Amino acid sequence: MRSIMPLLTTFSLLTTLVAVDLAHADVRLLVPAFDGPSSLGENVSTFLAMQIWTGLRSHPTPNPLGLDFGSGEVDWSRDALAEPTEEYALAAAHSAKRDLVLWGSAFRFGSGVVVQAYLSVADETSISNSGGKWSIKNEGLDLDLFLPDRNFSFSPMILPDTVTRKYLELEKIPLCTSKEKSCEGPPLNRISFKALVQEGDYALIQQNNAKGWVYIPNLSEARGEVVNFSNALIAYVRGDFQQSERRFSQVASSAADSQIRFDALVLAGISQTRLGNDGTSVLRKALEINPYSRYVVQALIMSDLTVALRRSSHYERAEAIADAARLFRSYRHLFDANEVWIDSLSNFMLRSGCSRTSGPQVSC
Amino acid sequence: MRRCVYRLLCPILLIFSAGHVTADPADNRYVFIISPKPPSDIAKQGLDAWVLMLSNNSRSLLQDVANRPVSVVFRLHEGLLENDTLESWWKTQRSLFAVGAVAVSNNEDKDSTYIDSDVFLGDLKGDLERPYLHFGQAIRPNGYQSSRDALAILTLYTYSVDLTKGLKAGDNPHAACLPLQKANLYERDLDAATAAGLKPLLTAIRSGLDRLACGGKP
C-alpha cells in the first residue's frame with residue numbers, strides 16, 4: 001500500500017547525521033554513500049535507498065485485522081564511510097542511532113565495475129526488542145532465536161561500462177513530468193526529497209511542492225536482491241511476516257549467491273511460522289540444502305514446537321514435540337552444555353510433557 | 001587514518017605500511033601475498049584489483065563466523081618466488097596461508113589479466129594430502145564472484161582447521177563447523193574451471209564436515 005506510506009514513513013537524505021527525529025521510527029536503516037570513483041558510489045546507493053523505501057508498508061491492504069507495523073525509516077548520507085568496512089559501517093550507524101546499515105563499494109575489476117553491498121545489524125538490542133528476535137512461550141518460559149547472521153553479503157553487481165557511464169553522468173538527475181528516461185525538468189535536489197512510489201524503473205518524487213518522475217537505471221539482477229532482502233528484513237523486524245515471507249521467498253528463488261539465498265529461505269520459513277502458518281516444510285528444505293547449519297536446526301525445532309503448541313490433540317502435539325526432540329538429539333553435540341538456548345529448550349520440553357532422562361537429556 | 005583519495009590503492013598502502021606493525025592481539029590471522037613486480041601497468045592494475053578483492057571480502061568473513069573478535073591481516077611483499085619463499089613467510093606469524101601471486105597480462109586488453117596463484121597452507125592443510133594448492137583467476141568482471149568465493153573458501157577452510165587443531169575429544173565442534181559450512185555454501189557458486197582447480201580443497205571441506213559430524217549424528 002504505497003500511497004499511504006509517506007504518512008508513516010520518513011525518507012530523508014542527510015548531509016550530516018544529526019537532528020533527526022527518531023521518536024516514531026521503529027526500524028531505522030542508514031545508507032551511507034557507497035565508496036567508489038566519482039559520483040558512481042553515491043548514485044548507486046541513492047537509487048538503492050530510494051527503492052527500499054518505496055517498498056516499505058505500514059499495514060497490509062486490505063487490513064481487516066487493523067494491523068499496524070509501526071514506522072520505518074530509510075536515511076542516507078552523501079558522505080561515504082572513512083573506509084568501506086563493516087567496522088566503519090557499524091560505527092556510522094551507532095553514531096546516527098540506526099538499527100541497520102546498508103553499505104558497500106563500487107570498484108573497477110578488469111574492464112568493468114563491481115558493486116558489492118552488505119546489510120549489517122547495527123543495534124542488536126533494538127532489533128531484538130522489535131521482531132528481530134523470535135520468541136516462543138509456554139507456561140512462562142521463553143525460547144528465543146535471533147537472526148542467522150549479523151552481516152549479510154549480497155551477490156556482486158557487475159556493471160558493464162555502458163551502465164557505469166550512465167551512472168557517472170547522473171550529476172543532475174532530472175525530475176520529469178512523465179515516465180521518461182531523460183527530460184529538461186528541474187534537477188533533483190539531493191538535500192531533501194521524498195520518494196512516494198515506485199513503478200517499474202521509475203520513482204515518483206516529491207520535492208518542495210513539486211512532484212515528478214525519476215528514472216532509476218537498471219543496475220543488474222542483484223539490485224533486486226539487495227532491495228528485496230533489505231525490505232524483507234525490515235518487514236521481519238517490524239513483525240510484518242506476510243511481507244517478509246514474500247520478499248525472502250523472492251530472494252530464495254532468485255539467482256543470488258547460495259549464502260544469501262539460504263539465509264532468505266530460512267527466514268521465509270520462520271516468517272511463515274511466525275505468521276501463524278506452518279513453515280516447517282520450508283525449513284526442512286533448508287536443512288536438506290545445508291544439513292550443516294545449526295541455526296536451521298534451531299529454527300526447525302522452534303517451528304515444530306510452535307506448531308505443536310497450536311495442536312488441540314494431545315497425540316498430535318506429542319508427535320510434533322517428539323520430532324523436535326529427535327532432531328535435537330542428532331545435533332546435541334554442536335551445543336555447549338551451558339548454552340542458554342539448551343537450558344531453555346530442555347525446560348520448554350519438560351513443560352510440554354517430556355521427561356528428563358540423564359543429565360541434560362530429555363526424552364519425549 | 002586519513003581518508004584515501006583513491007580507494008583502490010588504500011589496501012596496498014596499508015599492507016606495505018604494515019611492515020613495522022606493533023604487537024598484534026592474539027586473535028589476528030595473517031595472509032601473506034608475495035608477488036613479483038608486475039610486467040606492465042595493466043598487470044599491476046589487475047593485481048591491485050585482485051588484492052583489493054581478497055582483502056575486502058576476507059576482512060568481515062572471519063568476524064561473521066568467529067565467536068570472538070578476530071581479524072585477518074594482509075601483508076603484500078613484492079619479490080621473487082623462490083622454492084621456500086611461501087613457507088618462510090607463512091612461518092613468521094600465525095598465518096592462514098601464504099600465496100605467491102603472479103600477474104600476467106596482454107597490454108592491449110584489460111580482461112586478459114590473469115593471476116596465477118600458488119598457495120601454501122602450512123600445518124593448516126587439514127584433510128588435504130599436501131599443503132599446496134594451485135589455481136588461476138582471470139581479472140574480468142564476470143569472473144569476479146567465482147574469484148571472490150574461491151579466496152573466501154580458502155580463508156574459511158584454513159580458519160576452521162586452525163580451530164579444529166585446538167579441539168579435544170568430546171569438545172563441541174560447532175565453532176570449527178561454522179566456517180566450514182559457509183565454505184561449503186560458497187563452493188556452490190564457483191564456476192567449473194575454478195571448482196576444478198580447487199577440487200582437493202573442496203573434497204577436504206566435505207571430509208572435514210563429516211569428520212566433525214557438523215551435519216548431526218545418526
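Reader: How many cavities of 30 Å³ or more does the rule count?
Author: This is a predicted model, where local features need pLDDT of at least 70, side-chain atom pairs count only at pLDDT 80 or more, and totals for chains, interfaces and linings use all residues. Residues are numbered from 1 along each chain as its sequence is written, chains are lettered from A and ligands numbered from 1 in the order in which they are written, and side-chain values use heavy atoms, without hydrogens and water. A cavity is a set of points on a 1 Å grid over the protein atoms alone where a 1.4 Å probe fits but cannot get out. By this rule the count is five.

Reader: Which residues lie closest to the centre of the largest cavity?
Author: The largest cavity holds about 160 Å³ of space, a volume being the space filled by probe spheres set on grid points joined across faces, edges and corners. It is lined by 16 residues, each with an atom within 4 Å of a point. The closest to its centre are A:Tyr118, A:Ser153, B:Leu61, B:Asp64 and B:Tyr186.

Reader: Which element gives the largest share of that cavity's lining?
Author: Elements are DSSP runs numbered from the N terminus, with helices (H or I) of at least four residues and strands (E) of at least two. The largest share of the lining of the largest cavity is four residues, and their source is helix 2 of chain B.

Reader: What is the volume of the largest pocket?
Author: A pocket is an open set of points with protein on both sides within 12 Å along at least five of seven lines. The largest pocket has 42 lining residues, and A:Pro148, A:Arg150, A:Arg294, B:His174 and B:Leu178 lie nearest its centre. Helix 5 of chain B gives five residues, the largest share of this lining. The space in the largest pocket is about 1200 Å³.

Reader: Which residue of chain A meets B:Arg148 in a salt bridge?
Author: A salt bridge is a side-chain nitrogen of Lys or Arg within 4 Å of a carboxyl oxygen of Asp or Glu. There are two salt bridges between chain A and chain B. In one, at 2.5 Å from N to O, B:Arg148 meets A:Asp257.
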